[in-house]
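Let's walk through a few questions about the fold shown below. Have a look at it first, then we'll dig in.

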Amino acid sequence: IDFIVVRENTEGLYAGREYLSGETAIAERVITNRASLRIGKKALEISASRQRKKLTIVHKANILPVTDGLFRDTIRSIASQNENPYQEVEIDELLVDTAALRLVERPTDFDVLVTTNLFGDILSDIGAYWCGGMGLAASINLGDNLAISEPVHGSAPDIAGTGKANPIAAILSASLLARYHWALPGIAERIETAVHLALQNDLAIENSHIAPIETTQTITQAITRRLNE
């Protein structure tokens, strides 16, 4: 199982346009051509760099034909251009509820998924199950000139200093930074291989999970040793 969720991260329902009108709460869903074009190009670029070269546009245009219709059609318009640099990428689309089912039922169907902000937030957390949970799920926020790489699970100040935090998601987030922002695929491959080897050979595993005996330090040391081989 090897897939990537590419999530637009600046608008949608997370644009922050909420207000009260009497006893009714209203949230405005913002989808622009500009942001859809930017995320579509990035998703196609990532798809073209991978072996399967398959992109799935995830939307709910049957219920939200204006906003999700714009999102879907904008991305498809990139691939329909005469000078399309992503001609080798196969493009399909799924409604978000069907995509959620497929991620649970048949995750190997997917290579790269591109979707809007809220849908991407939910689907990426569903997808984290297949890499071992939120503790192993890496992410990167890619801007035009800047990138912020972080674990999907966010921070955990309640366990700071206890040695309970799993560092693997943070380490794999660094590999995403190397691969997709610094254009250092060789470095990314070394980091990912070190993590895989440590999980397979060096760390105590119980019921397909890292055993409680392992700490932040022991996990980091195991990966570092593999990285230095």
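Before we start: contact here means heavy atoms within 4.5 Å. Keep in mind that this is a predicted model.

Q: Which residues does A137 touch, not counting residues up to four places away in sequence?
A: A137 sits in the loop between helix 4 (117–127) and strand 7 (138–142). With the 4.5 Å cut-off for heavy atoms, and skipping residues up to four places away in sequence, the list for A137 is A128, C131, P151, V152 and A169.

Q: Does A137 count as buried or exposed?
A: Buried means under 20% relative accessible area. A137 comes in at 6% relative accessibility, so the label is buried.

Q: The side chain of S173 has a polar atom 3.4 Å from which backbone nitrogen?
A: S173 lies in helix 5 (residues 168–180), and at 2% relative accessibility it counts as buried. Leaving aside neighbours within four places in sequence, its contacts are A138, S139, S149, E150 and P151. The 3.4 Å pair involves the backbone nitrogen of S139.

Q: In what order do the four strands of the open sheet come?
A: Start from the pairings: strand 1 joins strand 6 through four bridges, strand 6 (residues 112–115) pairs with strand 4 over three bridges, and strand 4 pairs with strand 5 (residues 90–95) over six bridges. Strand 1 (4–7) and strand 5 are the edges, each pairing on one side only. The pairing is parallel, and the order reads 1-6-4-5.

Q: How many of the six residues of strand 4 are buried?
A: K54, T56 and V58 point one way from strand 4, while L55, I57 and H59 point the other way. Both groups are buried. For strand 4 (residues 54–59) that gives six of six.

Q: Which residue of strand 5 is the bridge partner of H59?
A: Strand 4 has a parallel partner in strand 6, where I57 stands opposite V114. Strand 4 also runs parallel to strand 5, and these two form a right-handed β-α-β unit with helix 2 (residues 67–79). On the strand 5 side, the bridge partner of H59 is L95.

Q: At about what angle does helix 4 run to strand 1?
A: Helix 4 lies across strand 1, strand 4 and strand 6. Its direction relative to strand 1 is about 155°.

How values were computed: Residues numbered from 1 in each chain as written. Predicted model: local features only at pLDDT ≥ 70, side-chain atom pairs only at ≥ 80, totals over all residues. Heavy atoms only, no water. Buried < 20%, exposed > 50% of the residue type's maximum accessible area, 1.4 Å probe, protein only. Polar contact = N/O pair within 3.5 Å; in protein donor to acceptor, adjacent residues only side chain to side chain. Pairing = 2+ DSSP bridges. Right-handed = clockwise from strand over helix to strand, strands pointing away. Axes fitted to C-alpha atoms, helices over the stretch in contact; angles between N-to-C directions.
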